Amino acid sequence: MTTSYQTKFRYAVKIGDELVWYDALGGIDGRMRVSGEDGVATLSAESADSGGRSAEEPLAANAKRIAFGSTRPGDRVHLAITDRGPGVRHLQWRVESDANVEWVMLDSPVGADEHFYGFGETYGELDQRGKELRLWVENGCVRDLSYKPVPFYVSSAGYGIYLDHRELIYARMATPDIGSRVQLKVASGELNAYRIEADDIPGIIDRYTTIVGKPTLPPPWFFGAWKSRDWRTENQSTVLLDLTKQRELGIPCSVKLIDAAWERELNDFRFHPDKFPDFKAVMETARRLDYQVVLWISPWVAEWTDIYKKLDEKGFFLRTPDGRTYVHRLGNSPNLLGSMIDFTNPDAVRWWQERIESLMELGVRGIKTDFGEQVPEDAVFHDGSTGKTMHNYYPVLYNRVTHDVVKRYNGILLGRSAWAGSQAFTGIWAGDQTADFAPRSGMLATIFAGQNVGVCGFPYWGSDIGGYFGKPDREVFIRWTQYAAFTPCMELHGLGERDPWDMDAEALELYKRYASLHTRLLPYLYPLAIEGSERGLPMMRAMMIHYNDDPNVHRLPCVGYQYMLGRDMLVAPVFFEGGNRELYLPEGAWIDLWSGSKLVGPWHGRVRAPLAETPVWLRAGAVIPLLADGTETIGKFADPERWMEALGTECWEFLLAPGEGRLRQGGVEIVQSADAGGAGGIVSVQSDRDLGIVPDRLLLKIRVPLDEERPYRCSIRAEDGAGRPLPGESWDIRRCSWESGIWIQLPAGCRTADIRWSAESWSSACDGD
């Protein structure tokens with residue numbers, strides 16, 4: 001049997017000063033597999049140096065090796081295909097040649113309506129069809145520049161491709177000049193690829209992260225609000241101001257980030273005596289007020305410092321090809337020159353980890369690992385490797401050696417640079433955007449970036465509220481605050497002061513509202529974080545992760561500007577001036593968080609978005625657990641295995657979007673169903689201490705629209721463990737922003753409850769199609 005070839009392998013060798021491309025004489029089918037008669041895998045390859053003879057080779061079920069001829073006489077191309085588990089196939093192409101192979105390429109056909117997502121933290125678009133991407137770690141975040149490129153993508157056709165490489169990669173994703181084809185080009189002498197299939201997109205991401213490493217679960221406090229400020233003005237006084245002022249004003253905050261320039265020299269790990277004369281006093285205040293503290297570091301040393309001379313004498317820096325210390329530009333300023341630490345040198349790693357441990361011993365529990373993108377391509381490492389393969393991989397080394405220490409203290413990293421494998425080292429942030437609505441460099445760029453890097457298995461992501469470069473205007477600050485509240489990491493940071501208490505009264509109150517909402521969402525967010533550590537699934541999810549079969553998800557541009565926060569919350573940030581925005585709701589019923597109104601999808605149109613609100617829709621049937629109103633910090637909750645202690649045992653709160661759904665939290669299970677007329681609902685509650693923690697009381701908030709003409713009726717039957725009716729249950733109507741609706745208080749000792757409520761049907765006054 002002769003296989004029908006579709007995917008082609010090409011390679012380039014250097015002849016003189018020119019690259020000349022050659023083709024393997026054969027290929028594999030569109031699913032990168034070999035098939036044969038009677039279950040025996042067989043492949044027929046035409047060989048240029050065999051007189052056109054066909055060489056057939058029987059192949060073992062899990063170890064297929066095929067040899068192809070080449071358009072370059074004398075060369076052979078060897079392909080090894082190995083099944084690495086259900087739905088995972090590894091393919092390795094190797095060229096046997098007397099010439100030096102400089103580039104290899106896969107050229108594959110794709111569907112005319114096929115779409116592509118991923119490639120790391122890309123900022124220009126969500127769907128990568130029609131784009132050419134350069135996968136090379138860069139100090140930049142505009143369109144094709146990325147701190148976190150990742151050689152992995154997911155196709156709407158239901159498969160993922162991972163290139164297991166560290167070298168420079170170009171990906172041409174059905175660009176106009178090649179039509180419905182994908183070309184993946186690697187600066188290497190061989191090509192290693194995985195094709196990954198599963199029943200759904202989450203399954204593909206799960207199998208991909210099984211290959212490259214599952215994310216490490218952060219402690220609960222990671223998901224509280226963060227406060228930083230301009231590093232050029234930060235000192236002990238401003239840190240203490242942040243710690244105390246927020247508590248005085250009732251601004252929720254759990255993490256204080258101290259950014260660059262806290263050191264005496266870059267980077268000697270010693271606190272600057274003028275800026276931080278008594279850092280222990282800072283830590284004592286942070287502990288007393290239930291904050292966690294995160295410190296900034298970078299993996300290089302400025303050449304004019306004393307610590308540079310000491311480390312250079314020990315050989316801890318990267319080298320030039322002729323053996324000298326490699327001095328080059330390190331950061332945003334062209335005047336910042338120095339050298340990068342060589343993390344393949346065991347002595348350099350030991351020195352670094354001892355300094356990290358000294359910070360952990362002070363009580364610091366997080367490290368912001370900035371930079372890491374600056375390795376020169378011709379740099380030479382202690383282990384003999386060069387920048388060709390280490391430039392992209394350096395962020396993995398940098399964060400791994402740091403995380404190896406931090407994890408012993410149950411701490412976290414917040415990294416800027418990354419490659420495949422970096423997701424194993426907790427959190428990341430989007431880097432340095434402009435403080436505006438600029439479509440390619442401002443807030444919108446981060447909306448794309450968070451979704452794309454999430455597809456690549458990075459669950460714990462956030463961005464600087466208001467952007468980094470410049471001081472945001474009032475509207476940018478408010479809109480970015482709203483957006484950040486519905487991302488995993490809500491971090492206030494950037495150049496230029498942006499303290500909420502220096503804003504006008506409305507801006508301050510809105511910041512407090514959204515910081516509170518984010519903090520109170522911990523019991524909704526943390527199970528998503530656990531799922532991220534177990535399966536690699538992002539918390540902030542591109543719509544295609546759950547709605548890949550909906551053609552509108554790939555067709556409508558507005559879908560790229562919205563995302564799912566878990567399965568139950570659809571978030572549509574406003575990234576421009578104005579009071580409304582375009583929205584798409586997939587199939588099913590959806591409840592507006594702010595009004596309680598209902599829409600039934602598929603629905604496409606415009607919705608209102610006044611400055612105080614960003615569009616958020618709850619999937620009908622969702623049960624959203626909340627911390628108690630007034631919670632200002634979760635900073636003391638540091639143990640992932642005991643995260644539910646943050647809920648307390650006095651009263652648990654739940655926001656219910658009417659529909660069909662259920663939630664189990666600890667020993668409490670809440671089940672929602674619709675009544676026969678569709679104008680109300682039934683809520684069943686069971687509490688069982690044998691299954692987990694159970695609070696003294698439960699507060700249910702059914703999110704329905706409120707107006708004077710819509711009466712509600714509610715009946716409650718609550719029983720104790722012996723089936724005896726319990727007095728003390730109550731319900732009433734509450735008007736309080738996003739928690740408005742029917743509030744139901746179940747009494748202490750309630751083991752089971754059946755709740756029936758009814759109202760006139762409701763809908764939303766929105767324009768749609």
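## Helices H8 and H9

In helix H8, Met-443, Thr-446 and Ile-447 meet Arg-479, Trp-480 and Tyr-483 of helix H9, where contact means heavy atoms within 4.5 Å. Sorted by type, the residues of this contact are four nonpolar, one polar and one charged. Here Ala, Val, Leu, Ile, Met, Phe, Trp, Tyr, Cys and Pro count as nonpolar, Asp, Glu, Lys and Arg as charged, and the others, Gly among them, as polar.

H8 covers residues 443-455 and H9 residues 474-485; their axes come within 11 Å and cross at roughly 10°. H8 is therefore roughly parallel to H9. Axes are lines fitted to C-alpha atoms, for helices over the stretch in contact, and angles run from 0 to 180 degrees between N-to-C directions. Angles under 35 degrees count as roughly parallel, over 145 as roughly antiparallel, 65 to 115 as roughly perpendicular and the rest as oblique.

## Basis and confidence

This is a predicted model, in which local features need pLDDT of at least 70 and side-chain atom pairs count only at pLDDT 80 or more, while totals for chains, interfaces and linings use all residues. Residues are numbered from 1 along each chain as its sequence is written, and side-chain values use heavy atoms, with hydrogens and water left out.

The average pLDDT of the protein is 92, and 92% of the residues score at least 70; pLDDT is the predictor's confidence in each residue, from 0 to 100. Residues 32-60 have a pLDDT below 50, and this stretch makes 76 contacts in the model beyond near neighbours in sequence. Residues 761-768 also fall below 50 in pLDDT, with 29 contacts in the model beyond near neighbours in sequence.

## Helices H5 and H7

Helix H5 spans residues 346-361 and helix H7 residues 394-406. Helices (H or I, at least four residues) and strands (E, at least two) are DSSP runs, numbered from the N terminus. The axes of H5 and H7 come within 9 Å and cross at roughly 45°, so the two helices are oblique to each other. The crossing of H5 past H7 is right-handed; a crossing is right-handed if the near helix is turned clockwise from the far one by less than a right angle, and left-handed if anticlockwise.

From H5, the residues in contact are Val-349, Trp-352, Gln-353, Ile-356, Glu-357 and Met-360; from H7, they are Tyr-398, Val-401, Thr-402, Asp-404, Val-405 and Val-406. Eight of these residues are nonpolar, two polar and two charged.

## Helices H10 and H11

Helix H10 (residues 505-520) packs against helix H11 (residues 522-535) at an angle of about 50°, with the axes 6 Å apart. H10 is therefore oblique to H11. His-518, Thr-519 and Arg-520 of H10 meet Leu-522, Pro-523 and Leu-525 of H11. By type, this contact has three nonpolar residues, two polar and one charged.

E35 runs antiparallel to E36 (residues 668-674), and five bridges join them. Within this pair, Gln-665 stands opposite Val-668 in E36.

Another open sheet of five strands has mixed pairing and the order E33-E34-E38-E41-E40. E33 (623-626) and E40 (730-734) are its edge strands, each pairing on one side only. Neighbouring strands in this sheet are turned by 25° against each other on average, direction ignored. E40 and E41 (residues 741-746) run antiparallel and are joined by five bridges, with Ile-733 opposite Ile-742 in E41. The loop between E40 and E41 holds Ser-737, whose phi is near 55°, a positive value in a residue other than glycine.

## Strands around E21

Strand E21 (residues 337-340) is joined to strand E19 (residues 300-302) by three bridges, in antiparallel fashion. Val-301 stands opposite Ser-339 in E21. Strand E20 (residues 328-329) also pairs with E21 in the antiparallel sense, over two bridges, and Arg-329 stands opposite Leu-337 in E21.

## Backbone details

Asn-267 lies in the loop between strand E17 (255-258) and helix H3 (279-288). The peptide bond from Leu-266 to Asn-267 is cis, with omega near -5°. Ala-261 is also placed in the loop between E17 and H3; its phi is near 75°, a positive value in a residue other than glycine.

Gly-601 and Pro-602 are joined by a cis peptide bond with omega about 5°. Pro-602 is part of strand E31 (residues 598-608).

Key. Two strands pair if DSSP finds at least two bridges between them.
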